[in-house]
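Thank you for asking me to look through this model. My notes follow the display as numbered points, written for someone who has not seen the structure before.

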Amino acid sequence: MIEQRHLKGREPITGESISVIKIRDVLLVAMPPDPDDTTITILQEKVLAAIERYQVKGLVLDISAVQTLDSFFARVVAETAQMVVLMGAQTVIAGMQPSVAITATQLGLTLGGALTALNVDLALEIVSDAFQRRQRS
Amino acid sequence: MIDGIREEVAIIDESDIILVRKTVREAATKFNYSLTDVTRIVTAASELARNIFLYAGSGVMRWRLLEGNGAKGMELIFEDRGPGITDLEQAFQEGYSTSGGLGLGLPGTQRLMDEMEIDTRVGVGTTVVVRKWQRRY
Ligand SMILES: Nc1ncnc2c1ncn2[C@@H]1O[C@H](COP(=O)(O)OP(=O)(O)OP(=O)(O)O)[C@@H](O)[C@H]1O
Ligand SMILES: [Mg+2]
C-alpha cells in the first residue's frame with residue numbers, strides 16, 4: 001500500500017512541494033531542491049503527525065535533490081530526527097550530494113548524529129536492520 | 001555607492017532568502033565556479049540573508065564581480081539598518097545565538113568564504129562583505 005500526499009508550502013517563487021510516501025512501515029519524505037523556512041517547518045509537523053498516524057518504524061528523509069543545506073535546515077532536520085527517536089521510530093537521512101556534504105562540514109553542521117545513508121535503498125535497509133535489532137534485544 | 005553592482009535583492013520577507021539564494025546561485029554558476037564553490041557561496045548567502053531577516057527585519061543583498069592582480073572573484077554585500085551587533089567577538093563564537101539557533105551562521109560563513117569583513121554599529125546597522133576568489137586549476 002502506498003499513500004502519497006503533497007503539501008504545498010508557501011512558496012511563491014518555485015512553488016516546490018514535499019512528497020510524503022508510505023512504503024510498508026517506513027515513511028519516505030523527499031525534500032525539494034531549495035525549500036524555504038516555512039516549507040521546512042511544515043515538513044516537521046507533517047512528518048511527526050504521519051509517524052503517529054501510520055505507526056511507522058522509520059523515517060527516511062531523501063535529501064538527494066537538496067542544493068543548499070544551511071544552519072536553519074540542518075537544525076530542523078536534527079530536531080526532527082530526535083523527535084522521531086522519542087516517538088520510538090528511526091530516522092535515516094539519505095543521499096546528501098558531495099558538494100552539500102563538503103559545505104555542511106565546513107559550516108560546522110553535525111545533524112545531531114542522525115543516521116545517514118548514501119541513497120534511499122541503503123536507508124531503507126538501515127531502518128529494517130535497526131528495527132530487527134531492537135526486536136531481538 | 002559601490003561600483004559595478006550587478007544585482008540587488010531586497011530582503012523583506014522570509015521568501016526573499018530563497019530569492020537571494022537563487023540570484024547568487026545563478027550568478028556563481030554563470031561565472032564558472034565549481035559546484036562545491038557555488039554551494040559554499042550560496043550557503044553563506046543563505047546564512048547572511050537569514051540573519052538580516054531575523055535580526056534586522058529587512059535589508060539588502062548586492063553582488064559584483066572582482067577583477068585585479070590577475071585574480072577574479074565575486075563579492076556579496078549584505079546591508080541592514082537593524083540593531084547592530086554589540087559584541088562581535090561573541091557573535092563569531094561557534095554556538096552563540098540570541099535566537100535559539102545553532103550559532104553557526106557567522107563563524108561558518110567565515111570558513112566557507114575566502115574573505116569576510118563586517119562593519120556594525122549599535123543602533124545604526126550592519127554591513128557584511130564576503131568574497132570568494134576563483135581557483136585556477
Ligand atoms: N545582521 C545582524 N544584525 C544584528 N545582529 C546580528 C546580525 N547577524 C547576526 N547577529 C547576531 O549574531 C548572533 C550570531 O549569528 P549567527 O548567524 O552566527 O548565529 P544564529 O543566527 O544565532 O544561528 P544560526 O545562524 O546557526 O541559525 C545572532 O544570534 C545575533 O544575535
Ligand atoms: Mg544566523
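1. In what kind of crossing, left-handed or right-handed, does H1(B) pass H2(B)? In this predicted model, the crossing of H1(B) past H2(B) is right-handed.

2. The two helices, H1 with residues 15-30 of chain B and H2 with residues 35-56 of chain B, pack with their axes 9 Å apart and at an angle of about 155°. Since angles over 145 degrees count as roughly antiparallel, H1(B) and H2(B) are therefore roughly antiparallel to each other.

3. On the H1(B) side, the residues that meet H2(B) include B:Ile17, B:Val20, B:Val24 and B:Ala28, while among their counterparts in H2(B) are B:Val38, B:Ile41, B:Ala45 and B:Phe53. The residues of this contact between H1(B) and H2(B) divide into 10 nonpolar, 2 polar and 3 charged.

4. The largest nonpolar core holds 64 residues, and those with the most contacts inside it are B:Val20, B:Val24, B:Leu76 and B:Phe78. To this core H2(B) gives the most, with 8 residues. Apart from it lies another core, of 9 residues, which includes A:Val26, A:Leu28, A:Val60 and A:Val92.

5. Leaving aside neighbours within four places in sequence, B:Leu76 is in contact with B:Val24, B:Ile41 and B:Ala45, among others, and also with B:Trp63 and B:Val128.

6. B:Thr36, found in helix H2 of chain B, has 17% relative accessibility and so counts as buried. Not counting residues up to four places away in sequence, B:Thr36 touches A:Ser99, A:Ile102 and A:Thr103.

Definitions and conventions: Residues are numbered from 1 along each chain as its sequence is written. Chains are lettered from A and ligands numbered from 1 in the order in which they are written. This is a predicted model: local features need pLDDT of at least 70, side-chain atom pairs count only at pLDDT 80 or more; totals for chains, interfaces and linings use all residues. Side-chain values use heavy atoms; hydrogens and water are left out. Axes are lines fitted to C-alpha atoms, for helices over the stretch in contact, and angles run from 0 to 180 degrees between N-to-C directions. Helices (H or I, at least four residues) and strands (E, at least two) are DSSP runs, numbered from the N terminus. Angles under 35 degrees count as roughly parallel, over 145 as roughly antiparallel, 65 to 115 as roughly perpendicular and the rest as oblique. A crossing is left-handed if the near helix is turned anticlockwise from the far one by less than a right angle, and right-handed if clockwise. Contact means heavy atoms within 4.5 Å. Ala, Val, Leu, Ile, Met, Phe, Trp, Tyr, Cys and Pro count as nonpolar, Asp, Glu, Lys and Arg as charged, and the others, Gly among them, as polar. A nonpolar core is a set of buried Ala, Val, Leu, Ile, Met, Phe, Trp, Tyr and Cys residues joined through side-chain atoms within 4.5 Å. Buried means under 20% relative accessible area, exposed over 50%, partly exposed in between (1.4 Å probe, protein chains only).
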